[in-house]
Amino acid sequence: MDNLPGALGTSASLALRLGQTVFSSASLLFMCLDVDFYSYTSFCYLVTVMGLAIPWSLTLLVVDAHSVFIRCLPRQPRIILVIVLGDLVLSFLLLAAASSTASVTDLLHDAGRSYCAANLCSRYQLSAAMAFLCWSLSFASSLFNLWLLPSL
């Protein structure tokens with residue numbers, strides 16, 4: 001199981017972490033392009049969760065880059081367990097934030113232009129889409145590392 005793609009220290013894990021970082025940064029950027037996002041609790045929740053996801057993904061991106069380029073694999077059961085639990089918690093938070101943002105954006109879009117301008121709603125929809133993509137990568141990373149854990 002040393003060559004499990006997507007597990008910590010592999011190039012696939014590096015790609016997953018890079019994707020998480022890019023998608024969470026894009027989601028935060030699309031949400032924060034407008035000053036009006038703080039009027040809705042679900043949008044504030046998404047910004048808060050993305051504020052947690054970016055440093056987590058960046059830190060593990062650096063660990064994976066170090067592991068891939070230096071060929072030093074930090075495969076200790078406690079470290080992998082912390083990463084699995086962190087990814088699981090973060091993935092559930094990301095799913096909740098993405099779902100709530102998508103549903104509120106849909107409600108605002110259906111309510112008409114008085115609540116959400118067309119370009120503003122499309123930004124919120126893009127932010128929710130990026131959050132869903134970040135969630136899928138985070139959950140996949142969590143499952144790959146969980147699969148690695150029993151072999152250590």
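Start by selecting Asn145 and showing what surrounds it. Skipping anything within four places in sequence, you'll find contacts with Gly6, Ala7, Leu8 and Arg17, plus Ile80, Ile83, Val84 and Asp87. Keep in mind that this is a predicted model. Asn145 itself sits in helix H4, which runs over residues 118-148. Is Asn145 buried or exposed? It counts as buried, because its relative accessibility is 0%, and the cut-off for buried is under 20%.

Next, go for the largest nonpolar core, a group of 20 residues. Pick out Met31, Phe43, Leu94 and Tyr124, which have the most contacts inside that core. Now colour helix H2 (41-70), helix H3 (77-111) and H4: these are the elements that each give two or more residues to this core. Apart from it there's another core, this one of nine residues, including Leu4, Ala7, Ile83 and Leu149.

Zoom in on Tyr124. Which residues does Tyr124 touch, leaving out those up to four places away in sequence? They are Met31, Asp34, Asp36, Phe37, Phe43, Thr101, Thr105 and Cys116.

Last stop: Leu90, in helix H3. Leu90 is buried, since its relative accessible area is 6%. Not counting residues up to four places away in sequence, Leu90 touches Val49, Leu52, Ala53 and Trp56.

Note on methods. Residues numbered from 1 in each chain as written. Predicted model: local features only at pLDDT ≥ 70, side-chain atom pairs only at ≥ 80, totals over all residues. Heavy atoms only, no water. Helix = DSSP H or I, 4+ residues; strand = E, 2+ residues; numbered from the N terminus. Buried < 20%, exposed > 50% of the residue type's maximum accessible area, 1.4 Å probe, protein only. Contact = heavy atoms within 4.5 Å. Core = buried A, V, L, I, M, F, W, Y, C linked by side-chain atoms within 4.5 Å.
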